[in-house]
Amino acid sequence: MTLGLCLPAFAALGGDLSSVQADQTHMKASLKTTTGQAYTLQEIKTPSGAIVHEFLSADGRVFAVAWHGPSMPPMQQILGSYVQQYSAGVQAHHAAHVGRSPLNIQQPGLVVQSSGHARGYFGRAYIPGMLPPGVTPDQIR
Amino acid sequence: MRKLLSLVIVAGLGFLAGCGGSGSSTPVGVPTGGGGGGTGSGNTLPIAVDGGPVTGVIYPDGAFTSVTLCNPGTATCQTIDGILVDTGSFGLRILSSAITLTGLQALTSGSSTLFNCINFVDGSFLWGTAAVADVEMAGEKASSETVQVIADPTTFTIPTECSNNGIDEDNQAGLGANGILGIGPEPVDCGEACDPRFNGGVPPVPSPYYLCSTSCTATSVSISQQVQNPVALFPVDNNGTIVELPTLSGAAATESGSLIFGIGTQTNNQVPATAAIFALDSEDTFSVTYKGMTYNSNNGTPSFIDLGSNGLFFPDATITVCTDVTDFFCPSSLLSLSALNSETSAVTGDTSTVDFSIDNADNLFAAGNGADAAFSTLGGPNVGGGFDYGLPFFYGRNVFTSIDGATVPSGTPPAPWWAY
């Protein structure tokens, strides 16, 4: 384990800019910032081509993350304090039926959707109540 | 042996087999039941949508087969049934608990053993040793290839980087199978991102590979020693596959078909002149247009064909989702739908209209006294994503998958591509 490279477990989803920087360090990645009207988009790109988009609202909180690339992102790192809720959602998905299908966790406080195949993973997570006015889930990519 | 090992470490690229146990637990008998019948011949391996090997549990729309594992270079072999055939992953992964063969060796470096991890999009993961085996399917053989032997460790814990807050499928009930045969459009499970010649010796995060003794460290592994798509290692018929399942309308207890090895290498694997061919984009995906929306990797909604997905999964908020299992659709009546497949960026320029139907999953599962395993009209939501053409797409279509980097027939684009 590369524990020495992990910063303290700042929350990413629901966290602030420092959590984005923690994610960047953990994933040994570059960071690019795009500021829009409704939100600021931080793009974290790893050397292997994995991309994580972290969406920050005007008050500087991460309300959504989206990912695509050759591996699943480190969920603890990008979901922060929401990771236990994610984990419970995965367990429930698995208990519901045998087989392989996209993941669709839809709870009042957390949405996580994950699709794709090995070496091509796509997904997003967001806090519905934190979406800035005018921002729809379709923009979280 | 120690000298050899130190040489290998200096080279920084390789691991040796034969210096440690495979980590297998006490072998148990090969489970019986469903799980694909027959071992085939030539380049044709029988597959069956038969509910899989778990007693009392139907795995809906999963294609199962048997593979033969051998101690490398020997005739000491074991045929294992209940292996899920998957065109959405790469490499052979088998539960240690299904392996009775005792001679398989894990790759090692010094006193550490090489382990492999795969995460699936549904949050599940598989952990196990990277071991070397000869893999025989029908009349084909992949010699000394790296496979994953799935088992939980006993002397350390699985790195959280691998488990990733997901669910461990280290047993038959959890996996719904005795293993997974990944024969998708790539030759290995990681590629350059994990190879020290290309990644500067820095493994990706999360890493698919770890060296473990009492604890684990993420490691790089050369492409030739990564978990390999066995088809790519065949001496012949190694450039891809065809999955053939018969036409199905509705539900059936079982559907039997074939996995054909090679494309354009034998009389039974020629690409028909009428086939639509879709060159894949860099994410191994393509483009689908449905109800006026286009789903591809350009807009973050990639679409793909994946035998290992057990339904047709796509975004359509107008279709009622089942209340008990929200992963499937439960419309009040049969829906007839249509989509248009194309490439993300035109190479062949081919397009193809796909007519399909979605039925009420609750009714499908309940019909046939709950014994049916094959459903042509099973589907579910892929909210926020694109089209995931799972197993039902394959009924009545011979679907070709060529492997990245392989030599393909003249007149076809460079691999990887899908054709049908």
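In the predicted model, Phe198(B) is found in helix H4 of chain B, which spans residues 196–199. The C-alpha atom of Phe198(B) is separated by 31 Å from that of Gly385(B), a residue that lies 187 residues away along the chain.

In chain A, Gln76(A) belongs to helix H2, which covers residues 75–79. Gln76(A) is buried, since 22 other C-beta atoms lie within 10 Å. Computed along the sequence, Gln76(A) and Ser87(A) are 11 residues apart, and their C-alpha atoms are 9.7 Å apart in space.

The contact between the two chains takes 45 residues from chain A and 59 residues from chain B. On the side of chain A that touches chain B, the elements that give two or more residues are strand E4 (62–69), H2, helix H3 (83–96), strand E5 (103–107), strand E6 (110–117) and strand E7 (120–126). The largest share of this side, eight residues, comes from H3(A). Sorted by class, the side of chain A that touches chain B holds 19 nonpolar, 21 polar and five charged residues.

In soluble globular proteins, nonpolar side chains tend to be buried together. The largest nonpolar core of this model contains 156 residues, and those that touch the most other members are Val65(A), Leu79(A), Ala125(A), Ile83(B), Val85(B), Ile94(B) and Leu114(B). Strand E8 of chain B, residues 124–137, supplies the largest share of this core, namely nine residues. Because domain 1 (2–233) and domain 2 (265–419) of chain B both give residues to this core, the core lies between them. For Leu79(A), when neighbours within four places in sequence are left aside, the residues in contact are Ala12(A), Leu13(A), Tyr86(A) and Ala125(A).

Chain B also contains an open sheet of four strands, arranged in the order E19-E18-E22-E23 with antiparallel pairing. Strand E19 (293–295) and strand E23 (352–358) stand at the edges of this sheet, and each has a single partner strand, so one side of each is left without a neighbour in the sheet. On average, and with direction ignored, neighbouring strands of this sheet are turned by 30° against each other. Within the sheet, strand E18 (residues 287–290) and strand E22 (residues 335–342) of chain B pair in the antiparallel sense over three bridges, and Ser287(B) has Ser342(B) as its bridge partner in E22(B).

Technical notes. Residues are numbered from 1 along each chain as its sequence is written. Chains are lettered from A and ligands numbered from 1 in the order in which they are written. This is a predicted model: local features need pLDDT of at least 70, side-chain atom pairs count only at pLDDT 80 or more; totals for chains, interfaces and linings use all residues. A residue is buried if 20 or more other C-beta atoms lie within 10 Å of its own, exposed if 12 or fewer, and partly exposed in between; C-beta atoms are placed from the backbone. Two residues are in contact if their C-beta atoms, placed from the backbone, lie within 7 Å. Ala, Val, Leu, Ile, Met, Phe, Trp, Tyr, Cys and Pro count as nonpolar, Asp, Glu, Lys and Arg as charged, and the others, Gly among them, as polar. A nonpolar core is a set of buried Ala, Val, Leu, Ile, Met, Phe, Trp, Tyr and Cys residues joined through C-beta atoms within 7 Å. Domain bounds come from an automatic or database domain assignment. Two strands pair if DSSP finds at least two bridges between them. Axes are lines fitted to C-alpha atoms, for helices over the stretch in contact, and angles run from 0 to 180 degrees between N-to-C directions.
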